[in-house]
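Subject: A structure for you to look at

Hello,

Here is the structure I promised to pass on to you. Have a look around it first, and then read my notes below.

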Amino acid sequence: MIGVNQVSQMWLGLKQALNLLFSLDQEVYKIIMLSLSVSLTATFISSIIGAPLGIFIGIKNFPFKRILVRLLYTMMSIPPVIAGLVVFLIISRKGPFGYLGLVYTPAAMIIAQSCLITPIIMGIVYNGTKERGSLIKALGKTLGASSGQAMLLLIRELRTNILSAVVTGYGRAVSEVGAVMIVGGNIKGHTRVMTTTIAMLQSMGDYSTAIAIGIVLLGISFLINSILYHFQQGA
Amino acid sequence: MKSWRRKGRVLTLVAVFVVIAVIGCTKPAVAPGHLAEQEKSGKEAGGSLIMATTTSTENSGLLTFLLPKFKEDTGIDVKVVAVGTGQALKLGEDGEADVLLVHAKSAEEDFVKAGHGLERFDVMYNDFVLIGPEEDPLQIKELAGRDIAAAFQRIYEEKGKFLSRGDDSGTHKAELKLWKEINVEPAGDWYFSVGRGMGEVIQMSDEVRGYSLSDRATYLSMRDKLDLDILVEGDSKLFNQYGVIAVNPNKNDKINKEGAQAFIEWILSEKGQNLIAEFGKVQYGQSLFIPNANK
Amino acid sequence: MNVLLRNIVKVYEQFPALEIEEWSIKSGALWGLIGPNGAGKSTLSKIIGRLEAATAGEISYDGNPYTTQLQKEMTVVFQKPYLLRTTVWENIAYPLKIRGYGTKEIKNAVEDILYQMEIGPIMHQKSWTLSGGEAQKVALARALVFKPRLLILDEPTANIDPAAVAVMEKMIRRANEEAQITVLMVTHSLQQAKRLCKEVAFMHRGKIVEAGPTEQILYHPSSALTKKFVQGELLID
């Protein structure tokens with residue numbers, strides 16, 4: 001009896017998801033847009049930092065590299081709540097950067113997500129570079145590429161890997177709830193994103209709307225993965 | 001041939017995944033029943049009872065104080081699911097809990113009227129307080145005194161930062177009622193609808209130096225870590241009545257009707273009521289909940 | 001390009017892998033580097049091609065020390081070539097593009113080499129769809145297209161089909177004879193050395209045992225070790 005009830009919640013959610021999407025509900029669109037823009041910005045920042053560093057660690061040898069790599073792998077699986085908490089403590093009113101007034105703003109959410117996914121992007125790019133990086137570098141040299149041209153060549157050759165790192169990072173950012181809840185605060189119209197909405201609706205017992213937003217989130221992930229798949233086929 | 005064999009292998013793999021997925025999906029749905037099953041087998045020892053309640057009773061420590069004493073008396077082990085009043089009622093409606101301890105009187109009465117619960121009893125009340133930054137930029141404490149309506153009016157007119165639970169909880173409903181009384185539609189840049197629990201909202205108010213409506217117990221339990229003061233208290237509009245309801249046992253055969261009855265009788269008894277009055281006196285120097293069962 | 005090696009030493013974990021007192025590669029030469037597995041042929045070719053650094057010693061190119069500018073005039077083709085993840089055409093055009101050639105020059109040069117190496121039909125294929133022989137031909141075409149002055153080949157025809165080997169040997173010979181490209185080729189095949197190389201050097205345990213005209217080394221070696229090797233008794237040391 002209970003099971004039937006839960007399944008009917010999911011059906012209701014599916015119907016409601018379609019309604020939500022096509023009813024042009026301003027609040028829902030605002031939530032979706034904020035989710036996308038916060039996570040896209042965080043992914044952009046993390047890619048700018050993470051991808052070159054990942055390549056660098058992949059092709060260069062230096063002391064303590066193995067410890068650094070182990071640290072990097074650990075950071076890749078850092079729980080979002082911990083990342084959120086650390087960022088919160090730094091930017092909260094009594095924290096070292098409290099004077100910037102960042103807490104409970106989209107900027108704070110971007111910072112927290114960037115902290116979370118920079119190691120992920122870095123780690124995936126490092127893995128791809130580790131395998132082929134030195135080969136590509138050697139090839140560049142034998143064909144007479146300058147160091148700048150060799151760097152471009154590396155990026156071009158590792159593009160599928162970098163792209164999948166970026167998409168993985170984005171997927172992690174957009175689906176993450178712990179960190180944005182802590183630093184963003186789920187304030188309606190300011191910092192409320194899809195995942196915090198789902199958590200909130202669940203706590204309010206509104207399961208069907210929670211599922212509806214979840215379906216929208218899933219749809220977006222599907223779209224992103226389709227694009228990635230398309231690119232991987234092409235390269 | 002080979003490709004066929006491979007297809008067969010893939011199909012088997014898919015089938016295994018589907019089975020795992022189905023098992024994985026159905027498990028949570030039967031879990032409460034499973035708990036109830038354990039109850040029945042352990043009937044001699046008193047069994048166990050699932051209580052859905054609001055975060056305030058759990059966070060304040062009241063249940064941690066009361067439930068061991070209840071177990072001593074009856075042998076019944078109470079499993080607490082602490083959620084918002086809205087979700088607590090929903091859990092009752094779905095037959096996922098045996099007894100409810102919540103604080104939204106009219107919603108509770110509707111719940112019983114709809115046949116989801118047997119009967120509702122007053123248990124105790126606590127009160128809401130308006131909290132805000134100790135520097136009180138709007139001088140609410142001075143200007144409003146005990147009058148919560150005046151305080152809300154002033155926050156609205158001066159566009160002071162106000163943080164709302166925004167989660168359909170009892171506290172949120174009480175807050176909305178206060179806005180309605182002064183004919184204000186709370187919305188705009190000054191009004192932050194947070195959609196989170198009381199503790200988080202208090203924490204956020206402290207952080208952004210805003211005003212908020214809180215239950216006294218949760219505020220007192222966090223007071224030491226905050227730069228927030230109580231600015232308005234004691235207005236009769238701020239009293240918050242808690243009720244207890246046994247979930248209608250016709251929901252499913254897992255519901256522990258006897259346990260629910262025992263809990264209701266115990267908490268309404270003189271002993272239960274005295275324990276409620278006692279709670280908090282040592283730590284805060286005042287009772288956090290005032291018992292008012294009319295037996 | 002004249003290459004002169006003096007007192008080259010390469011040490012791996014305190015174990016000397018290479019000790020070359022003196023070796024001179026004259027401009028226009030076509031050298032074969034032979035010897036058992038583990039003799040140091042690959043390491044030596046990489047050191048000359050500047051892909052690895054020697055622990056000690058010096059190499060001069062046309063009488064001058066190495067400069068990065070020289071890198072554009074020499075190239076190394078590996079046993080397992082790395083092809084760029086794009087088409088055959090783009091792979092071969094790449095060294096010309098980074099040298100700033102014009103579109104028309106690139107088109108002419110690439111088409112010419114595609115035709116000579118008989119890989120015109122696969123020019124639009126992606127590199128990862130090629131067979132081993134095709135991939136190796138593309139790697140050689142990519143090395144020849146920019147007309148380096150020194151071409152170093154590390155067993156470029158190992159494990160590929162005889163037809164592809166024939167085309168590659170033809171191209172290496174043509175590069176040496178017509179374009180005056182100096183060639184140094186590591187090979188495990190004495191037959192290939194006989195067919196292709198004007199001179200060979202026999203390496204054993206990190207040292208060049210003897211070097212000279214192919215005929216002399218393969219048929220009248222002065223060292224007993226070389227004799228053993230050419231008779232097929234010293235394939236693995």
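Before the first finding, a word on how helix angles are taken: an axis is a line fitted to C-alpha atoms, for helices over the stretch in contact, and the angle between two N-to-C directions runs from 0 to 180 degrees. Please also keep in mind that this is a predicted model.

Let's start with two helices of chain A. Helix H5 of chain A covers residues 106–142 and helix H6 of chain A covers residues 147–157. Their axes come within 9 Å and cross at roughly 135°. That angle makes H5(A) oblique to H6(A), and the crossing in which H5(A) passes H6(A) is right-handed.

Which residues of H5(A) and H6(A) meet? From H5(A) come A:Arg132, A:Gly133, A:Ile136, A:Lys137, A:Gly140 and A:Lys141. On the H6(A) side they meet A:Gln149, A:Ala150, A:Leu153, A:Leu154 and A:Glu157. Sorted by class, the residues of this contact are 4 nonpolar, 3 polar and 4 charged.

Next, the annotations on chain A. An unreviewed UniProt entry lists a "transmembrane region" at residues 31–59, 71–91, 103–126 and 210–231 of chain A. In the model, residues 71–91 of chain A are 86% helix and 0% strand, with the end C-alpha atoms 24 Å apart. Residues 103–126 of chain A are 88% helix and 0% strand, and there the end C-alpha atoms lie 32 Å apart.

The unreviewed UniProt entry also gives "domain: ABC transmembrane type-1" for residues 32–228 of chain A. That span is 79% helix and 0% strand, and its end C-alpha atoms lie 21 Å apart.

Now for the neighbours of chain A. How many residues of chain A are in contact with chain B? The count is 17 residues of chain A, in contact with 24 residues of chain B. On the chain A side, helix H1 (2–22) and helix H9 (194–203) each supply at least two residues. H1(A) has the largest share, 4 residues. By class, this side of chain A has 7 nonpolar, 8 polar and 2 charged residues.

Chain C touches chain A as well, with 14 residues from chain C and 12 residues from chain A in the contact. Strand S6 (74–77) and helix H2 (88–98) of chain C are the elements that give two or more residues to the chain C side. H2(C) gives the most, with 3 residues. The side of chain C that touches chain A has 7 nonpolar, 3 polar and 4 charged residues.

Enjoy exploring!

Best wishes

Conventions: Residues numbered from 1 in each chain as written. Chains lettered and ligands numbered in written order. Predicted model: local features only at pLDDT ≥ 70, side-chain atom pairs only at ≥ 80, totals over all residues. UniProt positions renumbered as here; feature names shortened; annotations may be inferred. Contact = placed C-beta atoms within 7 Å. Nonpolar A, V, L, I, M, F, W, Y, C, P; charged D, E, K, R; others polar. Parallel < 35°, antiparallel > 145°, perpendicular 65-115°, else oblique. Left-handed = near helix turned anticlockwise from the far one by under 90°.
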